[in-house]
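Please keep the structure in view while reading, and look up each element as it is named.

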Amino acid sequence: VSGPPQPLPPGRWTDPARPLTFTFNRRTIPAVAGQSIAAALYAAGIRVFSRSFKYHRPRGLFCLTGDCPNCLMNVDGRPNVRTCIEPVRDGQVVCGQNAWPSLRWDVLRVFDWLHAWLPVGFYYKRFHKPRWLWPVFEYVVRRIAGLGRIDTRSMPAVAASVEHLHTEVCVVGGGPAGMAAALGAAEAGARVLLLERQPELGGHLLDESPDHSARIETQISALTKEQRVQILLQTSVFGIYEGSLLAAVCGDRLFKIRSRQIVVCTGARQQPEVFHNNDLPGIFLSRGVQRLARLYGVRAGHRTVVYGGGQTARQLSQDLTDLGIDLVAHLLPPGDALAAADRPDHPVWENATLVKAYGHGRLQGVRITMGTVAVSASTHIPCDLLCLATPPVPANELLLQAGMRFHQVQGRWQPDGEIQGVRAAGGVAGTSAKAHALEGRLRGLEAAAAVGHVSPALEECRRQWQAAASESEPLVVATPEQSSLPKRFICFCEDVTHKDLLNAVAEGFDHIETLKRYSTATMGPCQGKMCGLALRAVCALATGRTSAHTGSTTARPPARPIDLAVLAADRFRPVRRTPLHHWHQAASARWLDASGWKRPESYGDPTAEVSAVRNGVGLIDVSTLAKIEVFGPDAAELLERIYLNHWSDLKPGRARYGVMCNEDGILFDDGVGARLGSERYYLTATTGNAEAVVQWLELWRTTWRQNATVISRTSALAAMNLAGPRAREVLSQAAALDLSPAAFPYMSVREAEVAGVPCRLLRIGFVGELGYEIHCPSGHAWTVWHTLCEAGEEFGLKPFGVEAQRVLRLEKGHLIIGQDSDALSTPLEAGLDWLVAFDKPSFHGREPLNRLRERGPRSRLIGFTAVQEDWVPEEGCQVVEENQPVGRVTSARFSPTLQRSLGLAWVPARLNVGDQFFIRCHEADVPAIVAPLPFYDPEGKRVKA
Amino acid sequence: MSFLLSCPNCGTREVAEFRYAGELLRPLATTVPPQGANLPGRQRERWFHRFGCRRWLWVERDLRSNEVVTTGWLEEAPS
């Protein structure tokens, strides 16, 4: 070869007609559409792509498949983007990471020269004494450790979404095996989903030689003709979970795939060789060199050394010559010899071992030994590129997650046994390249047969496979050599060397799982893709165990790095709106999110709303309340057993406040219920528990096999509460009903027309005033509401929101379950002891409450007023005694009616009305006094008016 | 947890459609709350098909493998 080499033809994925630019560390870089960021940077002469985790050594491109950690960069504010597979876009802002001041000159490189003082596990050994220095260590370590920085200001909003897919056969990987598997399964009659992480089907065929193009095209056109096959490109599967659930990600989309059969064809990958300075920029996996040239049209170097044996390495030598890369030498590892017949025209060194690579910041040459010759007698070979044609190992993360185990046969890793519903084919199963398609087709046919589509071709295919399987050629596998040279990296992600692993084993971490945790090998971004098998081999050798006995570390999802935003992708969460939503909207309501509902918090001035209810009349939308009908011969008995109080003695037409507990005697829900007939009840429950209460009633109805029916009417009915001293005057204008106290007394229920709409009216007093809760069909809610508003105009009727209601009920001392109670609150302690009917033979919570009654409660929910009348503690503040927390404030507001601060709090049971206690708020202890409840209208004259 | 459960009404569905409600214990006369055994092996459980027919089921499941052995209506659960 003479003169400068010809430029390479454009890469398979690039479009030279569409040039674009992006910036890298403020420098403008030209690129063409379809290139990856890293390929464009490499073409622009960038060689250092990142700095290593611990020693800050310069790292260059290495795998080009998105497996290794060498090309992680910050792209448009997103840290740790694998730039070797990330497509370049116009105007992108790309920055290096883990380096200061720049990737080329990194101050912390000093750690590389201090490596002797930073042995394996140094942070466990160095940083624990003297103890007082730990905060300093922690500050420094936290600043240095970690990979990539999240800039919360520039983080792009990710609109991630979830999609559910269902199929009969799912094929993971669209290489030769995967394409054949999908075709086979579809021909047999199965519905097939084919997932490929690259932008194109073809797998490793795309990288190797342009000769494969025709073969790929044929397969693709056969697949696209097949109606039963759905193909998803740029979709990488990162987990296999129980129930044959696959998780895959495509950009911002998370796929949850249920497939009855799974065929994994994720192929094989190469792993690095272990020698001194094996991480220098300029050292590539051979497939990386091919991908850089074939896919992106970029030449990795000019003078190369190839290391590796077998047919693949020989083909590679030819391929590199085709790419215009000058082959300086081909190193054949021990165990592989050149046949007399094939004498290539480039120098071949047999029985060669790589000792070290040298160069400052980039590869300048390698030093090798031949056979048994001593290291001192080694040979230098200058070069700017080293291609490691290491033997393929299976990319089997998903299979390991599924529980499959692997063993080595003639250098090939092959699956042990079978896992139900999961098959492997091609490179991932250790099959040699020429049998990939055959095995893929067989597994596809088998998977189809397992879901009931038995093809006549299956038996013939199985025979062909059995014949082919016996012909697979053995692979030459090197074992890690012993050497005293220090920088022989096993784990690139975490900078763990061969020596570190040996030291860790010597220190007693000789189980592969403890060795992993102590040395942190395989725990970096690649998750063992580059080093898992080397770790296994070193561990086996150092402990004198077999590889099978050593085993491998546990594989867990995700198999590839994914954005947390994708995992956090919002599920389907509908917003619930009441039938009066648009009225509130028009009245400029401030919204409050309550258990999925939108509720008006207020219409601007909650204090005025409170005052309207106390002095005139107010109207609130309470459509979100749970509304439940229970009917049947056993309805009364069911409620007797569920609620704490009596329900069978309630007379038809009357209403009652009821509370229910769970089996442990903990407050569960409360609400007002009414008896409509001898076998018919109408119950309300809190908004947040609407689902749970219906399920609870239904569970026990079913368990006790009672003849009753439970129906939720929450969405079917709207409800509104008309409350205030003038409520009767307003309602009388709209309702066809005698509203006099004698005809419609407090705590009773009536059915009547309001504004011509059939309604159910409950006379109750949650807010402590004369009030009517009006329940009507949702579709007519607007009419009723509007009529009441019009009728109330002359009485100064004001709509009020949740905030005003909270103040009003607090003045009245009514508790809200969930707000004023928690998972430890019992009715006896919450001031509801008057309600518990211990005379009933059985109800949920009877026994635990009985025991508590005998023992006596330890704390109590009480009302309090602050000594300083206008001081309102924050809800959640602690009640303290002698610096110890003994309770907490659950509700607190300034009462516009009583013109003072008041609230509810849990305090020790021994405190009585008039006693003083202290609330800790912003580190000050503020006095408060236990007050009698209710604060407002203690005789209850107003609700009964 | 992503196994599949078979609802007698709706057919085989993802477990996420259901609510788990503990071991199936003898029907309560509501005296002392009975305690579950929570032992490895097969267990009878109560499940509610929340995003389906909204009915209560009983399920026999192997706690070690999440293999679902039997499902049926809670009313018809063996006592």
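This is a predicted model: local features need pLDDT of at least 70, side-chain atom pairs count only at pLDDT 80 or more; totals for chains, interfaces and linings use all residues.

Which strands pair with β38(A)? Strand β32 (residues 618-621) of chain A pairs with β38(A) in the antiparallel sense over four bridges, and strand β41 (residues 771-777) of chain A, which also runs antiparallel to β38(A), is joined to it by seven bridges. Leu722(A) takes part in both pairings, being the bridge partner of Leu619(A) and having Tyr772(A) as its own bridge partner in β41(A).

| Strand pair | Sense | Bridges | A residue pair |
|---|---|---|---|
| β32(A) and β38(A) | antiparallel | four | Leu619(A) and Leu722(A) |
| β38(A) and β41(A) | antiparallel | seven | Leu722(A) and Tyr772(A) |
| β5(A) and β6(A) | antiparallel | three | Met73(A) and Val81(A) |
| β29(A) and β31(A) | parallel | two | Arg577(A) and Lys598(A) |

The pair β5(A) and β6(A) belongs to an open sheet of five strands, in the order β2-β1-β7-β5-β6, in which the pairing is mixed. The edge strands of this sheet are β2 (27-33) and β6 (78-82) of chain A, each of which pairs on one side only. On average, and with direction ignored, neighbouring strands here are turned by 40° against each other.

Another open sheet of chain A has three strands in the order β29-β31-β30, again with mixed pairing. Because β29 (576-577) and β30 (590-594) each have a single partner strand, one side of each is left without a neighbour in the sheet. Helix α24 (residues 802-811) of chain A packs on this sheet, where it touches β30 and β31, and its direction makes about 65° with that of β31(A).

Helices also meet one another: the axes of α13 (residues 498-506) and α15 (residues 532-543) of chain A come within 10 Å and cross at roughly 45°, and the two helices are therefore oblique to each other. On the α13(A) side the contact is made by His498(A), Leu501(A), Leu502(A) and Val505(A), and on the α15(A) side by Leu535(A), Val538(A), Ala542(A) and Thr543(A). By class, this contact has six nonpolar, two polar and no charged residues.

Definitions and conventions:
Residues are numbered from 1 along each chain as its sequence is written. Chains are lettered from A and ligands numbered from 1 in the order in which they are written. Side-chain values use heavy atoms; hydrogens and water are left out. Axes are lines fitted to C-alpha atoms, for helices over the stretch in contact, and angles run from 0 to 180 degrees between N-to-C directions. Angles under 35 degrees count as roughly parallel, over 145 as roughly antiparallel, 65 to 115 as roughly perpendicular and the rest as oblique. Contact means heavy atoms within 4.5 Å. Ala, Val, Leu, Ile, Met, Phe, Trp, Tyr, Cys and Pro count as nonpolar, Asp, Glu, Lys and Arg as charged, and the others, Gly among them, as polar. Two strands pair if DSSP finds at least two bridges between them.
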